[in-house]
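Please go through the structure below with its ligand in view.

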Amino acid sequence: MNTPSPDTSPDSPASTVAPTPGVPESDPRAPHVVVVGGGPGGYEAALVARRLGARVTVVERQGLGGAAVLTDVVPSKTLIATAEWFTTAEQGPELGVRGDAPAGERRDLVDLKAVNARVLALADAQSRDIHARLEREGVAVVAGTGRLDGPSRVLVEDASGATTSLDADTVLLAVGATPRTLPTAVPDGERILTWTQLYRLTELPERLIVVGSGVTGAEFAGAYQALGSQVVLVSSRDRVLPGEDMDAAELLEGVFRSRGMTVMSRSRAASAERTADGVAVTLSDGRVVEGSHVLIAVGAVPSTTGLGLEEAGVRLSASGHVEVDRVSRTSVPGVYAAGDCTGVLPLASVAATQGRTAMAHALGDAVAPLKLGRVAANIFTAPEIATVGLSEAKLRERGYRYVTTTLPLARNPRAKMLSMRDGFVKLFAHPDAGVVLGGVVVAPRASELIFPITLAVAHRLTVDDVADSFTVYPSLSGSIAEAARVLHGQSGPNATD
Ligand SMILES: Cc1cc2nc3c(=O)[nH]c(=O)nc-3n(C[C@H](O)[C@H](O)[C@H](O)COP(=O)(O)OP(=O)(O)OC[C@H]3O[C@@H](n4cnc5c(N)ncnc54)[C@H](O)[C@@H]3O)c2cc1C
């Protein structure tokens, strides 16, 4: 039996690669895989390639774990863990516990220096653990910046400027992306910030302007509001989280406003500049919003420039992403790409899956093409928003027939005991076959609750399969089975319409 190595599952956002028992010596005749970029797209692929017998080198310029571990997923979710403490404490008085700090007084309770020190220590430890795991598995790790020299050679420049050349049978590009910035709002790391610079702050921003209301903007806006900052969320769209389930986004916007956040819809930020003691953000209609700090969260750009891709014949999209098919092949045989640099879906779990798929394809293992319709995703706000399968917008866009039901969390007995009101469970199913097509859970820890729906979508279970499965009483997951029971009457031979 394989004993799981202690550092994989907690460290890896998506690791499912079992440790290799007793690392085999690299066969010098085995194919050489060179992975450029050591984030989840890269390091997961490296582990799979080793398991499949290849010689593997990972080239990484910043630190193993990539942006996912060092600046994005791990730090943001660790910061949110502290913010959650306050959101939970808010329920205190209702549950008969004294001691919640009113929003205005929270600032004094938060030691941001300690919070950020913990965030960075955790990220650093995870990066080191991933590094150790790769080396233990026999992966060579080379520190430096890689670029293609044709389709089967990678040149690596190290910190001293020295260049080494690596011949490769297979190359995997997993170089990720970096925050998009505006030329009129250049980050200075002190007051005008990208999300990678937030953890350098030693004091909680008094009034934080968040530009951008996508997932990243919404997560940080919610977290800083909970920690005690006044937050102004500037959104160029009609509502926060455009592109997400509309009911979930509306609910979250309502929660944000009820917590005292200022949400400015249809407001496009044109520029940001420093003032004597803070920042001023000018909107495209001329209005000016003042704050102590501004976070620019307007998306990311792929790290694909200067990589020698065009010269090697690797096709890029207009946005600079590497074009890949569902098994992660680029336009050049032997060159694969995974993760945020492909623009397929910016999630650590998708990056890891693309990387694993690429290696299986390149090294002749069984390959399952990427199925985006099965991806589960979560927005770590309070409440969280978890989704899986086809969204309602996609179902409509594709003209699919479907039945749906939404059960408010407020009706769930466990939610009542926990004093949870904001949230719901929504399911979509095929009207004839009753097969579950997708779902949305809006609730605290929705990221944990979505899994039964993910199983249903992945294995084409019907609403009756879900409804007939026991749930614990009382439990939040009871609402998932209950929603399936409601759909039992609306789908299949039982349909009443
Ligand atoms: C704030 C924030 C929070 C997020 N939270 C979540 C979440 O909760 N869950 C989730 O699933 N996703 C989350 N994401 C998305 C997730 O971070 C990305 O999808 C994931 O990091 C993509 O992995 P990757 O391997 O493609 O790239 P990365 O993690 O960006 O890694 C790429 C690596 O390549 C290296 N590199 C780049 N160019 C070179 C080069 N030329 N030579 C050598 N090395 C190079 C970089 O240094 C980097 O280490 C979040 C994103 C952000 C911005």
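Around the ligand there are 37 residues, of which Gly 41, Glu 60, Gly 146, Asp 340 and Ala 348 come nearest; a residue is near a molecule if one of its heavy atoms lies within 4 Å of it. The model is a predicted one, in which local features need pLDDT of at least 70 and side-chain atom pairs count only at pLDDT 80 or more, while totals for chains, interfaces and linings use all residues. Residues are numbered from 1 along each chain as its sequence is written, and side-chain values use heavy atoms, with hydrogens and water left out.

The shell around the ligand divides into 17 nonpolar, 15 polar and five charged residues. Here Ala, Val, Leu, Ile, Met, Phe, Trp, Tyr, Cys and Pro count as nonpolar, Asp, Glu, Lys and Arg as charged, and the others, Gly among them, as polar. At least two shell residues come from each of α2 (40-51), β2 (55-60), α3 (66-70), α4, β4 (145-148), α7 (215-227) and α10 (348-362). Helices (H or I, at least four residues) and strands (E, at least two) are DSSP runs, numbered from the N terminus.

A backbone N or O atom of Pro 346 lies 3.5 Å from a ligand oxygen atom. For Leu 347, a backbone N or O atom is 3.1 Å from an oxygen atom of the ligand, and for Ala 67 the corresponding distance is 3.1 Å. Taken alone the ligand exposes 1000 Å², and the protein buries 92% of that; these areas come from the Shrake-Rupley method with a 1.4 Å probe.

Next come the spaces found with the protein atoms alone. On a 1 Å grid, a cavity is a set of points where a 1.4 Å probe fits but cannot get out, and a pocket is an open set with protein on both sides within 12 Å along at least five of seven lines; lining residues have an atom within 4 Å of a point. Grid points are joined across faces, edges and corners, and a volume is the space filled by probe spheres set on the points.

The second largest pocket has a volume of about 610 Å³. Its lining has 22 residues, with Thr 87, Gln 91, Arg 259, Met 420 and Pro 444 nearest the centre. The elements that give two or more residues to this lining are α4 (73-90) and α8 (246-258), and α4 gives the most, with four.

A search of the whole structure finds two cavities of 30 Å³ or more. The largest cavity has a volume of about 140 Å³. Of the 14 residues that line it, Thr 87, Gly 222, Ala 223, Ala 226 and Ala 382 are closest to the centre. The largest share of this lining, five residues, comes from α7.

Which values of the backbone angles stand out? Most residues other than glycine have a negative phi, and most peptide bonds are trans. The peptide bond from Ala 382 to Pro 383 is cis, with omega near 0°, and Pro 383 is in the loop between β19 (376-379) and β20 (384-389). Tyr 473 and Pro 474 are also joined by a cis peptide bond, with omega about -10°.

Arg 266 has a positive phi of about 45°. Arg 266 counts as exposed because its relative accessibility is 58%, where exposed means over 50%, buried under 20% and partly exposed in between (1.4 Å probe, protein chains only).

Key
A polar contact is a pair of N or O atoms within 3.5 Å; within protein, one must be able to donate a hydrogen and the other to accept it, and residues adjacent in sequence count only if both atoms are side-chain atoms.
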